Amino acid sequence: GINAEYGNLRALQESLNTVQLSKEVILTLDTTRCGPGEVKAELEGPMMYERVVVTNTPRTAQLRFCADKPGHYKLNLYYANIPFPSSPFKFNVSRKSAGKVTTMGLDGEGLKIAYVGKPNYIYVSNVPKGTGLQVEVLS
């Protein structure tokens with residue numbers, strides 16, 4: 001059987017619970033105590049099976065995937081074709097986890113030319129309420 005530590009599997013589940021929509025996920029599993037074999041993975045998404053790239057080394061396995069649609073996911077993990085304990089690992093990806101993308105507009109003379117010691121104006125429009133705007137002046 002697979003010698004997988006409970007703490008590592010719990011850490012894996014906690015990592016999956018933080019997956020964000022349309023962002024690459026990279027998970028590294030320690031396989032030093034698993035014996036001979038390789039990790040294989042299947043990710044079942046809301047519409048179909050998603051691609052998981054698995055890179056096996058003598059001591060680790062790295063999984064890379066991207067959850068492109070919101071919904072429920074199941075990650076099936078196998079070592080030497082035997083299911084991992086607690087597999088499949090279930091997690092949910094929501095739209096809000098991707099964060100809100102906002103386009104801001106910039107205008108004003110300060111974008112064209114600025115003078116040392118004189119007020120320079122840049123107008124920023126469409127800034128989301130409660131967003132801090134930080135400006136760095138480079139010379």
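Are Phe65 and Phe91 buried or exposed? Phe65 is buried, and Phe91 is too, where buried stands for under 20% relative accessible area, exposed for over 50% and partly exposed for the range in between (1.4 Å probe, protein chains only). The model is predicted, with local features needing pLDDT of at least 70 and side-chain atom pairs counting only at pLDDT 80 or more, while totals for chains, interfaces and linings use all residues. Residues are numbered from 1 along each chain as its sequence is written, and side-chain values use heavy atoms, leaving out hydrogens and water.

A search of the whole structure turns up two aromatic pairs. Rings of Phe, Tyr and Trp (its six-membered ring) pair if their centres lie within 6.5 Å; planes under 30 degrees apart are stacked, over 60 edge-to-face, and the rest tilted. The ring centres of Phe65 and Phe91 lie 6.3 Å apart with planes at 40 degrees, so this pair is tilted. Phe65 sits in strand β5 (residues 60-66) and Phe91 in strand β8 (residues 89-93), so the pair ties together parts 26 residues apart in sequence. Strands (E, at least two residues) are DSSP runs numbered from the N terminus.

The rings of Tyr73 and Phe91 have centres 5.5 Å apart and planes at 10 degrees, so they are stacked. This pair links distant parts of the chain, with Tyr73 in strand β6 (residues 71-79) and Phe91 in strand β8, 18 residues apart. Tyr73 and Phe91 are both buried. Together, ring pairs link Phe65, Tyr73 and Phe91 into a cluster.

Turning to the cysteines, the structure holds zero disulfides (pairs of cysteine sulfur atoms within 2.5 Å). Cys34 counts as buried because its relative accessibility is 11%, whereas Cys66, at 25%, counts as partly exposed.

Notes
Helix = DSSP H or I, 4+ residues; strand = E, 2+ residues; numbered from the N terminus.
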